[in-house]
Amino acid sequence: MQNLPRTHTPPSSVTVCGYPLSIFFIVVNEFCERFSYYGMKAVLVLYFRYFLRWDDDLAITIYHTFVALCYLTPILGAIVADSWLGKFKTIVYLSIVYTLGQVVMAISAIHDITDANKDGTPDNMTFHVALSMVGLILIALGTGGIKPCVAAFGGDQFNEHQEKQRSTFFSIFYLSINAGSLLSTIITPILRAQECGIYSQQKCYPLAFGVPAALMVVALIVFIVGSRMYTKVAPKGNIMLEVCKCIWYAVKNRFRNRSSSIPKREHWMDWADEKYEKLLIAQIKMVLKVLFLYIPLPMFWTLFDQQGSRWTLQATTMDGDFGLLVIQPDQMQTVNPILILGFVPIVDSVIYPLIAKCGLNFTYVAEFQNRPNGDIAVTNGHTECGGLRPEEDIGPNVVHMAWQIPQYFLMTMGEVVFSVTGLEFSYSQAPSNMKSVLQAGWLFTVAVGNIIVLIVAEVAQLPDQWAEYVLFAALLIFVCVVFSIMAYFYTYTDPAEVEARFAELEPEGKDNDRKRRSLELHDRKESLEEENQRKSRSSSEASSHHEAPADKATNM
C-alpha cells in the first residue's frame, strides 16, 4: 500500500459559523502582505527617478526586472514547499526574507545616512543603490516564493465536507487581496508626499517604504500566532519536478533511438513510456498543448505592467488639478482597481451570459472561484501608486491627467476579459494534479512580458516616447493575429475523461506494458547490433578472400 503523506491536524479545530478559525489568520496575513507589496511597488519607479536620480530608461529597466523576478520565484517557492519544507514553513521562512527586504528598502531611502554636508542630497549614492538592490532581491524572493503557497494553504484548512465554505473562503481571500492593494495605492502616495528628514526636509520615501515594511511584520506575526490552529499537510513530492524529469527522459530517449529501423511514436512524449506511466504522459501532453498557447501571451503583460512605469512617468508631465482635488501622478493608477471592482460583476453577469447565448461556453464562475490560487487573476492588474508632486525641473503641465482615464479603461477591460478567461481556460484544460504546473506557466508569461519591456527600453532607444507606445501597440496587434490562428486550431480536451480512461487500467497492466515496451526496444537494439556485427564480419571475410589469391599468384 502506498505511504500517504503525514498530516498535522490540530488537536481541537475551532470553528466559527462552520468555518475554521485558522482562516482568519490567513486572510489577515494576505491583506497585510498585499498592502506591503503594492505599497512599496507604488512609489518604486519614482524612487528610482527622483531619489536615485536615474533616467527614465534605467528606472524602467530596473523596475521591470524586479517585477519579472517576482513572477519567476513562484516556481522556486512551489518546489521548496512541495518537496522539502511544506507550505507552512515555506511561508514563514520566506516571509522573514520578505520582511528583511522591506526593512532594507526603507533604510536605503533615508537620505540623511550619507548626507554629511546636510544639503539634502546623499553624498554616497552607491550606498543607497546597493541597499536598494539587496532589498528588492529579498522582496522578490519573498513575495514570489509565498505566492503559490498561501491560498493553497488556506484551502488545506477545510475538510472534504466543507466544499461550500472552501469556495467562500477563496472569495474572501480574493477580496482581502484587492482591499490590501487598493488601500495601499491610496495611502502610500499620501505618505510619500510628506516631507521628512533630520537635517533637511525631503520627500518621505522612508515613510512610504517603512509602513509597508511594518505591515509585513504584522503579516508575519499574525500568521505565526495561528500556528497551532493550522492543518499542515506534509510535503508529498513536487509534480513539477516529475513533469520535468519525464519530459527530459522522453527527449533523451528520442535522440538515443534515432535509427530508421526503430518505429516512430505517435507523439514525442511517448518515448518516455518505458519508464513513466501512460497516465502521466497523457497528462503532460495536455499541459504542453496549453503551454504552447501561452507563447504569445507575454505581449499583453508587456503593455499592462507599464502602468507602474511608463504611464506613471507620463503622468508626472501632466496637470493633476481636478478642481477640489489635486491628484498626484502615481495616484492615477487607482483608476485600475476601481474599474476592476465595477467590471468584474458586469463581465460576470452580463458579458459572459451574452457570449454563452452566442454558443460559446465559458464556465467562469464555478471553477474560477474554486481554484487554489485565486490571487493571480485580477491582482495581476498591478495597481501601484504613490504620492509625488511634480519636481521643480518639470516643465509647465498643459495636458490634463484625465486623458489617461481612457487608456486605463481599455487596459482594465482587457485585463478582466483576458486574465480571468485565460486562467479559467487553463484551469479547465489542466489535469487534476497539474493545476500548479499551468499556474507556474501563467506566472512565467508575466515575467517574460516584463523582460520584453526592459529589452525594448535598452535596445530600441527610440527618440520619442510616442514611437515606443506605437511599437508596443503594433507588436500586440501582430501577436493577437498569431494567437487567433493558434486558438482556431486548438482542440479542446476533457482532462477528467482522459484520466478516467486511464484509471480503468490495472497498475499491473501498466507495469507489464512498460516492461514489454522496454524489452521490445532492448531486443531491437540487440538485433541492430547483431546485424552490424554480421555485416562487419562479412566485409572482413570478403576482404581476406580477395587478398589470398593475390598472395598465391605472387608465390608462383
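Modeller: Happy to! One term comes up again and again: a residue is buried when its relative accessible area is under 20%, exposed when it is over 50%, and partly exposed in between, using a 1.4 Å probe and counting protein chains only. This is a predicted model, so local features need pLDDT of at least 70 and side-chain atom pairs count only at pLDDT 80 or more, while totals for chains, interfaces and linings use all residues. Residues are numbered from 1 along each chain as its sequence is written, and side-chain values use heavy atoms, leaving out hydrogens and water.

Now to the salt bridges. A salt bridge here is a side-chain nitrogen of Lys or Arg within 4 Å of a carboxyl oxygen of Asp or Glu. Searching the whole structure turns up 8 of them.

Let's begin with Arg-49 and Asp-56, whose closest N and O atoms are 2.7 Å apart. Arg-49 counts as partly exposed because its relative accessibility is 26%. Asp-56 is partly exposed too, since its relative accessible area is 31%.

The next pair is Asp-57 with Arg-310, whose side chains meet at 2.9 Å, N to O. This pair ties together distant parts of the chain: Asp-57 sits in helix α3 (residues 56–70) and Arg-310 in helix α11 (residues 310–315), 253 residues apart. Helices are DSSP runs of H or I with at least four residues, strands are runs of E with at least two, and both are numbered from the N terminus. Asp-57 has a relative accessible area of 25%, so it is partly exposed. Arg-310, at 4% relative accessibility, is therefore buried. Through shared partners, salt bridges join Asp-57, Arg-310 and Glu-468 into one network.

A further bridge links Arg-265 to Asp-273, with 3.4 Å between the closest N and O atoms. Both of these residues are buried.

What lies around these bridges? The chain has 19 helices and 8 strands, and 48% of its 556 residues are buried. Contact means heavy atoms within 4.5 Å. Of the contacts between residues at least 6 apart in sequence, 83% join residues at least 24 apart.

A nonpolar core is a set of buried Ala, Val, Leu, Ile, Met, Phe, Trp, Tyr and Cys residues joined through side-chain atoms within 4.5 Å. The largest one holds 107 residues, and Leu-44, Tyr-47, Phe-48, Phe-66 and Phe-209 have the most contacts inside it. Helix α1 (residues 22–42) gives the largest share of this core, 10 residues. Leaving aside neighbours within four places in sequence, Phe-66 touches residues including Tyr-37, Leu-44 and Ile-139. A second, separate core has 5 residues, among them Ala-282 and Phe-502.

Finally, the surface. A nonpolar patch joins Val, Leu, Ile, Met, Phe, Trp or Tyr side chains within 5 Å, using residues with over 30% relative accessible area and no salt bridge. One such patch includes Leu-69, Ile-137, Phe-444 and Val-459, and its members have about 740 Å² of accessible area together. Helices α5 (125–155) and α16 (435–459) each give two or more residues to the patch, and α16 supplies the largest share, 4 residues. Val-459 lies in α16 and is exposed because its relative accessible area is 62%.

Terms used. Patches are made of residues with over 30% relative accessible area and no salt bridge: like charges are joined within 9 Å, nonpolar side chains (Val, Leu, Ile, Met, Phe, Trp, Tyr) within 5 Å. Accessible areas come from the Shrake-Rupley method with a 1.4 Å probe; for residues, only the protein chains shown count as cover.
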